[in-house]
Amino acid sequence: MPRNLKLTLAYDGHDFAGWQVQPDRPTIQGTLVSAIEHLTGEKTLPQGSGRTDAGVHALAQIASLMIESPIPAVNLRKALNDVLPFSIRVLSVEEVAADFHARKSARAKTYQYRIHRADICPPFLARYIYHHPYPLDEERMIAAATVVTGEHDVTSFAAVDRESRKEALAVNNVRTIYSSAWKRESEELVYTVRGNGFLHHMVRNLVGTFLMIGKGNLDTDGLRRILNLRDRSAAAATAPACGLFLVSVEY
């Protein structure tokens, strides 16, 4: 009988073109597909809780897959870590109910974005942080963070989906943000956001817009206006991928 497995993964996204399988490009999903086939002979397509972008990292990404192999879950975890690159680690493998789906069953996700504020960024941190040593009014950013909490149409902070436009598909960009906060942690300014779902580039676009506030080019009322405009062109440029982590997924 097929078994439904839930995998918890951590990965360094620097050398990958994101989660989703892409032709001739290394991806987390594609690398996992190859490892599972190598171990079991089965061709599967693990479903992730979300499609992290190229260069984005994960502390606890969730994937689910159906598999026929009788390999015990704990042994499969060990075997996968033996064949996967060191940049991808399987933290746990669990057997779950047949109706569990990593994306469809998710109820909330938490992301963090890390900005290094010191003049010099340690080289061993450079892949995992956005180095921004320039002047920022951090207190204004901290005060503005809660503006985006609650249920909103977050189109202003979503990447433009050209395929949906081309096919005239109806897109629901309403999301609920449960918490949104900036906090200074030693040499880092850290943004933590928790919500019921996130659109493509949404967190990085939020960070880019908060940076405008820190630079004095936008105030809190301006952030509210951008949110209400539902127009991607109204918000700031997308912040670099290197500072973003998927922290956790709740079910």
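**Helix packing and local backbone features**

Trainee: Which residues of helix 2 are buried?
Mentor: This is a predicted model, in which local features need pLDDT of at least 70 and side-chain atom pairs count only at pLDDT 80 or more, while totals for chains, interfaces and linings use all residues. Residues are numbered from 1 along each chain as its sequence is written, and side-chain values use heavy atoms, with hydrogens and water left out. Buried stands for under 20% relative accessible area, exposed for over 50% and partly exposed for in between (1.4 Å probe, protein chains only). In helix 2 the buried residues are A73, L76, L80 and N81.

Trainee: Within what arc do the buried residues of helix 2 fall, seen down its axis?
Mentor: The arc is taken over the directions from the helix axis to the C-beta atoms. The buried residues of helix 2 line one face of the helix, because they fall within an arc of 130°.

Trainee: What covers the buried residues of helix 2?
Mentor: Helices (H or I, at least four residues) and strands (E, at least two) are DSSP runs numbered from the N terminus, and contact means heavy atoms within 4.5 Å. The cover includes strand 1 (3-11), strand 4 (88-96) and helix 1.

Trainee: At what angle do the axes of helix 1 and helix 2 cross?
Mentor: Axes are lines fitted to C-alpha atoms, for helices over the stretch in contact, and angles run from 0 to 180 degrees between N-to-C directions. The axes of helix 1 (residues 28-40) and helix 2 (residues 73-83) come within 10 Å, and the crossing angle is roughly 115°.

Trainee: How many residues of the contact of helix 1 with helix 2 are nonpolar?
Mentor: Helix 1 brings A35, I36, H38 and L39, which meet L76, A79, L80 and V83 of helix 2. In this contact no residue is charged, one is polar, and the number of nonpolar residues is seven. Ala, Val, Leu, Ile, Met, Phe, Trp, Tyr, Cys and Pro count as nonpolar, Asp, Glu, Lys and Arg as charged, and the others, Gly among them, as polar.

Trainee: Within what arc do the buried residues of helix 6 fall?
Mentor: Helix 6 (residues 220-229) has G222, L223, I226 and L227 buried. They line one face of the helix, because they fall within an arc of 140°.

Trainee: Which exposed residues does the face of helix 6 turned away from its buried side carry?
Mentor: The buried residues of helix 6 pack against helix 3 (138-144), strand 7 (150-153) and helix 5 (202-214). The face turned away from them carries the exposed residues R225, N228 and L229.

Trainee: With which side chain does the side chain of R114 make a polar contact?
Mentor: R114 sits in strand 5 (residues 108-116) and counts as buried, at 19% relative accessibility. A polar contact is a pair of N or O atoms within 3.5 Å; within protein, one must be able to donate a hydrogen and the other to accept it, and residues adjacent in sequence count only if both atoms are side-chain atoms. At 3.2 Å, the partner side chain of R114 is that of E185.

Trainee: What phi does S186 have?
Mentor: Most residues other than glycine have a negative phi. S186 lies in the loop between strand 8 (174-185) and strand 9 (188-195) and is exposed, with a relative accessible area of 64%. Although S186 is not a glycine, its phi is positive, about 55°.
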